[in-house]
Amino acid sequence: MKKVLITGCSSGFGYLSAKYLAEKGHHVFATMRNVTTKNSKPAAELTDFAKSNNYKMEVFEMDVTSDESVKKAADQLPTIDVLINNAGFGYSGAMEAFSPDAVLAQLDLNIVGNIRVAQAVLPGMRKQKSGLIIQLSSVAGRGAFPAFGVYNASKWGVEGLSEAMRYELAPFGIDVAIVEPGPFETKFFGNLVQAENEEVAKAYQHVKEFADGFAENVMNLFADENAPTDPMIIVRIFEDLINSEPGTRPLRTIGGLDFGLQKLNDVVEPIRKEILEAMEIADLDGVKKQ
């Protein structure tokens, strides 16, 4: 049984993984924003689910964009064995049509939010010389597409951050693993933040056409029972990573539709390892117990 902290549990992968991992016997700390207002319904559902089944799950208020909120929640938690940095959302539209403040908000949530929560749990993990941090990226963290440049920037940032964390934390017995979902039938597409400068956006008709066509294709895939778009695919990847032996977990795992990007991962992985060998830090690519 592991003590598992999950961010962004109001819906999607976070909500499903909180329930599933609690069912599997883990002690789950499910966090989300606005537990008494906007997200009171999912918060109550998770709490009732745990109570009615006698599962170990607690729901906490946590806004990963707030230093104070993260600290307040972390102060109430025990030492965490597994952190699933799941909270996030996406922006859609031509880059020019977003203000710098909007771009900063996207990066703050998807990158800095991960850092805030990781920094909150890492002292305990380092003390116990073990732990696992699962970083939720995206296939959009490996490829770039029109209309998703701002989102791409955030997820490419998660990729670089997470890879560096893997090397930094390995000597403490802490694994870092990246999960890269394709499109899944969650609320992600319905919650996309659209470009705020409509006048500029009009100049990018080709971007809108791509985004509209992509969204239509994705919705059609969701209706195809044979397409790998069940969100439980990602939840089971989380479970597999948790159950894997320390030091054996892959750096990157793609789940669902990969748009051919699995080939990119396959090509890059041996090159990445060659670079580590050349830099004489290959021993940091996994867990090295103190």
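The second largest pocket of this predicted model has a volume of about 390 Å³. A pocket is an open set of points on a 1 Å grid over the protein atoms alone, with protein on both sides within 12 Å along at least five of seven lines, and lining residues have an atom within 4 Å of a point. The volume is the space filled by probe spheres set on the points, which are joined across faces, edges and corners. Of the 19 lining residues, Ser92, Gly93, Gln194, Ala201 and Lys208 are the closest to the centre of the second largest pocket. Two or more residues of this lining come from each of α6 (198-202) and α7, and α7 gives the most, with seven. Helices are DSSP runs (H or I, at least four residues), numbered from the N terminus.

The largest pocket holds about 1000 Å³ of space. Its lining consists of 43 residues, and Ser11, Gly88, Phe89, Phe188 and Asn191 lie nearest the centre. In this lining, α1 gives the most, with three residues.

The axes of helix α4 (residues 100-128) and helix α5 (residues 149-169) come within 8 Å and cross at roughly 20 degrees. Axes are lines fitted to C-alpha atoms over the stretch in contact, and angles run from 0 to 180 degrees between N-to-C directions. Helices α4 and α5 are therefore roughly parallel to each other, a term for angles under 35 degrees.

Residues are numbered from 1 along each chain as its sequence is written. Local features need pLDDT of at least 70, side-chain atom pairs count only at pLDDT 80 or more, and totals for chains, interfaces and linings use all residues, while side-chain values use heavy atoms, without hydrogens and water.

Note on methods: Angles under 35 degrees count as roughly parallel, over 145 as roughly antiparallel, 65 to 115 as roughly perpendicular and the rest as oblique. On a 1 Å grid over the protein atoms alone, a cavity is a set of points where a 1.4 Å probe fits but cannot get out, and a pocket is an open set with protein on both sides within 12 Å along at least five of seven lines; lining residues have an atom within 4 Å of a point.
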